[in-house]
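Here's a quick briefing to read alongside the structure. Have a look at the coordinates first, then come back for the notes.

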Amino acid sequence: MYVYDQYDQQLLNERVAQFKGQMERYLDGKISEEEFLPLRLQNGIYVQRYAPMLRVAVPYGALNSAQVRKLAYVARTYDKGYAHISTRQNVQFNWPELEQCPQILADLAEVQMHAVQTSGNCIRNTTTDEYAGVIAEEIVDPRPYCEIIRQWSTFHPEFAFLPRKFKIAVNAVPGQDRAAITMHDIGINIVKNDAGDIGYRVLVGGGLGRTPILGEEICAFLPEEDLLAYLDAVIRVYNQFGRRDNKYKARIKILVKALGVDRMRELVEEEFNRLKDGEGKLTQAELERVKQHFIDPEYKTLSDNPVELTAAKEENKAFSRWMERNVRQHKKAGYAVVTLTLKQIGTPPGDITAEQLDQVADLADEYSFGELRSTHNQNLVLADVEQTELFGLWQKLKSLGMATPTLGLLTDMICCPGGDFCALANAKSIPVAEAIQARFENLDYLWDLGEIDLNISGCMNACGHHHVGNIGVLGVDKKGEEFYQVSLGGNSGGNDADGSSLGKILGPSFAREAMPDVIAKILDFYVDQRTDGESFLEVYRRVGHTPFKEAVYGKPD
Amino acid sequence: MANLINTQGPVQDTELTTVTLEQWQEEKASFAGQSLELTVSSDQTADLFGEDAANFARISIDFPKFADGRGYSAARLLREKYKYTGELRAVGDVLIDQVFFMKRCGFDTYALREDQIVEDAIAAFSTFTNPYQNDVHDQRPLFRRRLS
């Protein structure tokens with residue numbers, strides 16, 4: 001992974017000093033609440049329902065074991081002993097003291113971590129495929145491009161006060177969308193043209209929230225070295241012309257809809273053409289410098305399916321299930337990609353304790369070159385595990401409660417912190433997730449259902465990505481009471497690059513207690529309707545919305 | 001009264017004839033021969049006056065709220081696209097924690113809001129030693145400076 005040089009470290013140290021000074025001036029009453037707000041937000045600090053929340057950046061999900069141990073230290077020292085993996089691959093702490101945040105950031109800087117621009121109306125953490133660099137399908141490893149974007153966006157002098165937040169995601173697997181790029185302000189697809197040159201297909205104006213919109217193509221092929229000039233051009237147009245009168249209409253998607261993507265393209269290209277051959281153009285030397293940080297570790301020469309592994313699978317049904325569900329093919333023979341699910345019953349999705357963090361860091365050192373990834377599905381990944389070690393690793397993960405073989409299944413839910421923590425939420429989301437997990441804990445049933453994305457958001461800001469869940473649940477407030485609206489048919493892309501879709505609302509909302517029954521009715525109808533091997537989404541798309549609606553609400557008279 | 005500063009410290013204001021963009025567009029000819037300051041609001045984007053920029057000794061860009069970031073792009077476009085070489089002043093809600101960004105986008109004087117501590121603002125101009133991006137003062141991003 002990327003290792004800071006003196007310049008990177010100096011910038012981060014200066015940031016720590018800057019925020020320390022800002023906090024001191026705030027506590028001295030020299031900065032007003034309103035004026036401190038964006039300063040703390042751009043250092044990752046929200047003020048939530050009960051306490052501040054600190055969102056630590058995990059650039060494109062990359063972590064090393066020293067960083068994970070530091071996160072454990074922060075959880076133990078400044079928080080209540082646990083951390084939460086967010087849907088944008090970041091790590092959140094729910095209980096730090098505001099006054100301690102500068103010290104936490106100083107501690108994190110020792111391991112090259114920070115909370116820079118994890119909130120606020122600025123360019124946020126760039127996300128990508130959690131399997132980047134270890135799967136054979138990708139055109140190139142997207143992480144160097146993400147790191148280049150990270151550096152360009154960090155303290156960008158012109159774009160610290162945009163109309164609204166700005167999120168970029170990068171996908172590098174042809175025919176798939178492994179980073180939900182259609183749902184981002186800018187989605188970058190790394191592609192190769194007919195001449196074999198690397199470049200980017202750029203989408204603009206996607207996003208969830210109150211007005212969910214899928215991004216549209218603004219550039220079919222952007223040459224590799226033009227990335228930053230193009231990003232500058234898009235965001236400069238947005239910064240000038242994006243709406244600032246209404247925060248719900250301030251995202252770039254609204255500007256793109258208002259102008260039309262063709263007019264947007266004209267404005268961007270006019271600016272881009274002026275910039276593209278300037279000093280801001282990326283160099284092959286810089287691409288090479290950053291790529292050197294992501295070269296393969298020293299893999300051994302091994303073969304797939306060693307005898308120990310085959311034997312263990314035959315002897316142990318639970319291990320074989322876990323292998324099938326949570327372990328993925330690696331590009332290198334004899335290795336495997338292992339997902340650690342953070343979806344145990346009784347724990348909010350994505351939560352992990354300090355002890356687990358320490359133990360996971362040890363596992364990374366022992367089994368996976370000391371590195372880990374966080375995923376937008378709120379899980380962790382050990383990306384480089386030797387197949388001969390899988391059985392031993394599984395046993396350890398089982399004792400940590402991180403071997404639930406449900407990756408991609410119903411109970412591998414995405415869920416925002418909701419009304420238990422978040423001041424914005426209309427409703428709680430964690431208890432709904434727990435009730436559904438408890439109702440559908442039978443592994444045979446979950447396996448029989450197959451892959452289903454169930455996404456839960458506690459309000460229409462959509463941090464739980466409910467619009468793109470095959471089943472989406474949205475918390476709503478009705479006269480001070482919490483209700484839940486269900487939508488069906490959403491999809492975030494995944495294995496089908498053109499398969500993204502937004503869910504359609506099923507009908508009137510439900511009380512929280514009713515939710516497990518509602519989900520059960522939907523699932524029963526799916527099981528009843530499916531023919532061999534059809535997924536939930538395939539059945540929904542084939543039979544349509546109305547039959548599902550009738551299955552839940554009954555037929556109209 | 002705002003405190004007028006540059007990156008070194010307090011500066012004396014120079015008297016110029018002030019015109020709004022509307023006045024300029026309506027009666028350009030009447031200002032001939034005068035030393036002018038153009039005042040623009042945050043929703044007046046640089047494309048509306050960039051071609052005329054050379055007519056002004058000073059252009060003052062208003063930040064109605066510090067969180068309104070349009071002025072950064074206006075400044076940058078004036079310097080880099082329209083090659084404006086006169087004085088560029090940030091006025092309005094100009095606060096300590098934004099002046100570093102303003103400097104990089106091409107402002108050279110700052111009408112610091114009166115409650116802001118001047119010494120803290122001067123110190124803030126050197127918040128970061130080697131930023132990643134190119135800016136108005138150095139067209140090379142860090143990746144070109146790093147290798148040199």
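Two residues are in contact here if their C-beta atoms, placed from the backbone, lie within 7 Å. By that test, 32 residues of chain B are in contact with 30 residues of chain A. Keep in mind that this is a predicted model: local features need pLDDT of at least 70, side-chain atom pairs count only at pLDDT 80 or more, and totals for chains, interfaces and linings use all residues. Residues are numbered from 1 along each chain as its sequence is written, and chains are lettered from A and ligands numbered from 1 in the order in which they are written.

**Where chain B touches chain A**

- On the chain B side, α2 (70-80), α3 (99-105) and α5 (142-147) each supply at least two residues; helices (H or I, at least four residues) and strands (E, at least two) are DSSP runs, numbered from the N terminus.
- The most comes from α5(B), with five residues.
- By class, that side of chain B has 13 nonpolar, nine polar and ten charged residues. Ala, Val, Leu, Ile, Met, Phe, Trp, Tyr, Cys and Pro count as nonpolar, Asp, Glu, Lys and Arg as charged, and the others, Gly among them, as polar.

**Chain B by itself**

- Chain B has five helices and six strands, and along the sequence they run β-β-α-β-β-α-β-α-β-α-α.
- The radius of gyration of chain B is 16 Å, close to the 15 Å from the globule rule for 148 residues, so chain B is as compact as a globular protein of that length. (The radius is taken over C-alpha atoms, and the rule is 2.2 Å times the number of residues to the power 0.38.)
- Along its principal axes, the C-alpha trace of chain B spans about 50 × 35 × 25 Å.
- Buried residues make up 38% of the 148 residues in chain B. Buried means that 20 or more other C-beta atoms lie within 10 Å of the residue's own, exposed means 12 or fewer, and partly exposed is in between, with C-beta atoms placed from the backbone.
- Helix α2(B) is largely enclosed by the rest of the structure, because ten of its eleven residues are buried. Among them are B:Tyr72, B:Leu77 and B:Arg79.
- The cover over the buried residues of α2(B) includes α6 of chain A, along with β4 (58-63), β5 (87-92) and α3 of chain B.

**Domains and core**

- Chain A splits into domain 1 (135-293) and domain 2 (414-553), with bounds that come from an automatic or database domain assignment.
- The C-alpha centres of these two domains of chain A lie 30 Å apart. Eleven residues of domain 1 are in contact with 13 residues of domain 2.
- The largest nonpolar core has 193 residues, and A:Val234 and A:Leu357 have the most contacts inside it. Such a core is a set of buried Ala, Val, Leu, Ile, Met, Phe, Trp, Tyr and Cys residues joined through C-beta atoms within 7 Å.
- Helix α6 (residues 227-241) of chain A gives the most to this core, with eleven residues.
- Leaving aside neighbours within four places in sequence, A:Leu357 is in contact with residues including A:Val68, A:Leu71 and A:Ile352.

**An exposed loop residue**

- A:Asn305 is in the loop between α9 (284-291) and α10 (307-315) of chain A.
- A:Asn305 counts as exposed because it has 11 C-beta neighbours inside 10 Å.
- Not counting residues up to four places away in sequence, A:Asn305 touches A:Thr310 and A:Gln387.
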